Amino acid sequence: MRPASPVPVAGPYDVVPGPALLAGTAEGPGLAAHRDRHGPLPDLDLDTLLDLTTRARVRGRGGAGFPFATKLRAAAGRRRPVVVVNAGEGEPASAKDAALVGAAPHLVLDGAVTTARALGAREVHLVLPGERPDVAAALRFAARERDDRLRVHAHVADARFVAGQETAVLELLAGRPGFPVTAWQPASVAGHRRRPTVLSNAETWAHVGLLAHRGVAGYARHGTDREPGTTLLTLAVRGRRATVREVPYGARLRDVLPPEAWGQPALLGGFHGSWVTWETLASLRVSVDRLRALGTPLGAGVVLVPAPGECPLRLTSRIVDYLAGQSAGRCGPCLNGLPALASALRAVAAGSGRTDRLTALAGLVERRGACAHPDGTARLARSLLAALLGEVDAHLRGGCPALAGTALGAPTRRLHAVPAAPEGAA
Amino acid sequence: MTRLRVDWPACRGRGLCQEVFPELIDLDEWGYPVLDGPVPDDQVARARDAVRVCPTLALRLVGG
Ligand code: SF4
Ligand code: SF4
């Protein structure tokens, strides 16, 4: 049996209306309302689109933050290009693409269609989340509302964590099971059936769509000079409904986090993300560059906060148990290394393990698989040692302070609040 | 710069590559190859041998 996700897969969420992508969505997601709001879709040639996306520094919102214009440039001028919208999230803690597709599916499609036209692509593929049939239906419905004179193909991805990895999506498109395979060339050069493929996540496409409508000046009304525009975040306190918010780059994280998160460490970037202490979190601004430089990348924009008083070690351990079970089991180091990492982490959380074993295992799985799953899992494990070493040490010296709720020897410094009922929010 | 790359889903971890090129290839605790950096120019022939012995065609020389 694969361990279940500690955060419900396809869980409920609230959406806070936002300044750009999520603006004016009260009129509903239909095509007429969308056209009323944004006007007709402008026809952009490739040079214009390249210029816009370069100047607005549009970056992938699926996790890696790769510059969109670089992909587009790589695919340009090659034969029979393909455009792919990846609307699957894979990450249980993320709901932002679901929220976006529910609220503004035509902005997503506008981005893909503009790009397909600029590239001369005749095919657009939509990859729909198997775990969220309502989202899949919303995007299918929106695609049927329009006539873009393009062939639109829909595919349903499995609800597996790694199903959203780029090569897994390409496998799915090719009619094979959606497992990652080794990529010898970038998808923009040799992707779907070896054709040049611009594959981006749903939110990225919506930014391209918005930029096509507004131009750089309009798009850059939000955000900073270096990072124009907004980005979607999923803010999740475990045991509560998640909230999807659109925030401008440069916003202070503490200003957008719910009060239940204050004072708590958080997992920035979700299950493949990094732990940060509250002190760090409170000082951070939403920025792909800054957060990457700090070694705590924003990823797909998830901020996951433990339930009040929940032990972050046990939560990490449960996440890694889940992630180990999500390994597609095809690459030896991942198949063997992730379960070993999971058991090393369980031992540390139980107060009996060794941190050097954790570090060694993290090193043994990194960059040793067909996809980024082992790397993301290793990042999570390493970040625990980097950000919460005091907490880890406390476990190794005297067990879990949260679980025991007792002194670790005087004088005691409580490293995180003690819950009324241990693991009550689980 | 030439490097060896492993097609991980294809690699069965039998370690034949390590036997023919132990200077660059190590095995982890599960028997899968650990590649120790790029292939030095004077060792490219050895790297080719490693590629050739792999029963599942999981090794490739990449870069130039
Ligand atoms: S690295 Fe792991 S998750 Fe990725 S393809 Fe290989 S076995 Fe599957
Ligand atoms: S010889 Fe091939 S299958 Fe065997 S360990 Fe080396 S790369 Fe893997």
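Helix H7 of chain A (residues 166-173) is mostly covered, with seven of its eight residues buried; helices (H or I, at least four residues) and strands (E, at least two) are DSSP runs numbered from the N terminus, and buried denotes under 20% relative accessible area, exposed over 50% and partly exposed the range in between (1.4 Å probe, protein chains only). The model is predicted, and local features therefore need pLDDT of at least 70, side-chain atom pairs count only at pLDDT 80 or more, and totals for chains, interfaces and linings use all residues. Residues are numbered from 1 along each chain as its sequence is written, chains are lettered from A and ligands numbered from 1 in the order in which they are written, and side-chain values use heavy atoms, with hydrogens and water left out.

The buried residues of H7(A) are A:Thr167, A:Ala168, A:Val169, A:Leu170, A:Glu171, A:Leu172 and A:Leu173. Their cover includes strands E2 (82-86), E3, E4 and E5 (197-201) of chain A. Just after the helix, A:Gly175 adopts a positive phi of about 90 degrees. Within strand E2 of chain A lies A:Val83, which counts as buried at 0% relative accessibility. When residues up to four places away in sequence are not counted, the contacts of A:Val83 (heavy atoms within 4.5 Å) are A:Ala112, A:Thr115, A:Ala116, A:Leu119, A:Ala121, A:Glu123, A:Val124, A:His125, A:Val198 and A:Trp205.

A:Glu123, one of the residues touched by A:Val83, also takes part in a salt bridge with A:Arg151, in which the closest N and O atoms are 3.6 Å apart. A:Arg151 belongs to strand E4 (residues 151-157) of chain A and A:Glu123 to strand E3 (residues 123-129) of chain A, so the pair ties together parts that are 28 residues apart in sequence. Over all chains, the structure holds 25 salt bridges, each defined as a side-chain nitrogen of Lys or Arg within 4 Å of a carboxyl oxygen of Asp or Glu.

A salt bridge also links A:Glu310 to A:Arg238, with the closest N and O atoms 2.5 Å apart. A:Glu310 is placed in the loop between strand E10 (302-305) and helix H12 (312-326) of chain A, and A:Arg238 in the loop between strand E6 (230-237) and strand E7 (242-248) of chain A, so this pair ties together parts that are 72 residues apart in sequence. Relative accessibility is 7% for A:Glu310, which counts as buried, and 5% for A:Arg238, which is likewise buried. Elsewhere, salt bridges that share partners join A:Arg35, A:Asp110, A:Arg117, A:Arg146 and A:Asp148 into one network.

Chain A is divided into domain 1 (13-219) and domain 2 (252-404), the bounds coming from an automatic or database domain assignment. The C-alpha centres of the two domains lie 29 Å apart. Contact involves 20 residues of domain 1 and 19 residues of domain 2. The size of an interface is often given as the accessible area lost when the parts come together. Between the two domains of chain A about 1,600 Å² is buried, 59% of it on carbon and sulfur atoms; buried area is the accessible area (1.4 Å probe) that two parts lose on being put together, summed over both. One salt bridge is found across this domain interface.

The contact between the chains takes 13 residues from chain B and 18 residues from chain A. Together, chain B and chain A bury about 1,300 Å² between them, with 60% of this area on carbon and sulfur atoms. On the chain B side, B:Trp8, B:Pro9 and B:Trp30 lose the most area to chain A, together accounting for 47% of what that side buries. Two salt bridges are counted between chain B and chain A. A:Arg357 forms a salt bridge with B:Glu29, the separation of the closest N and O atoms being 3.0 Å.
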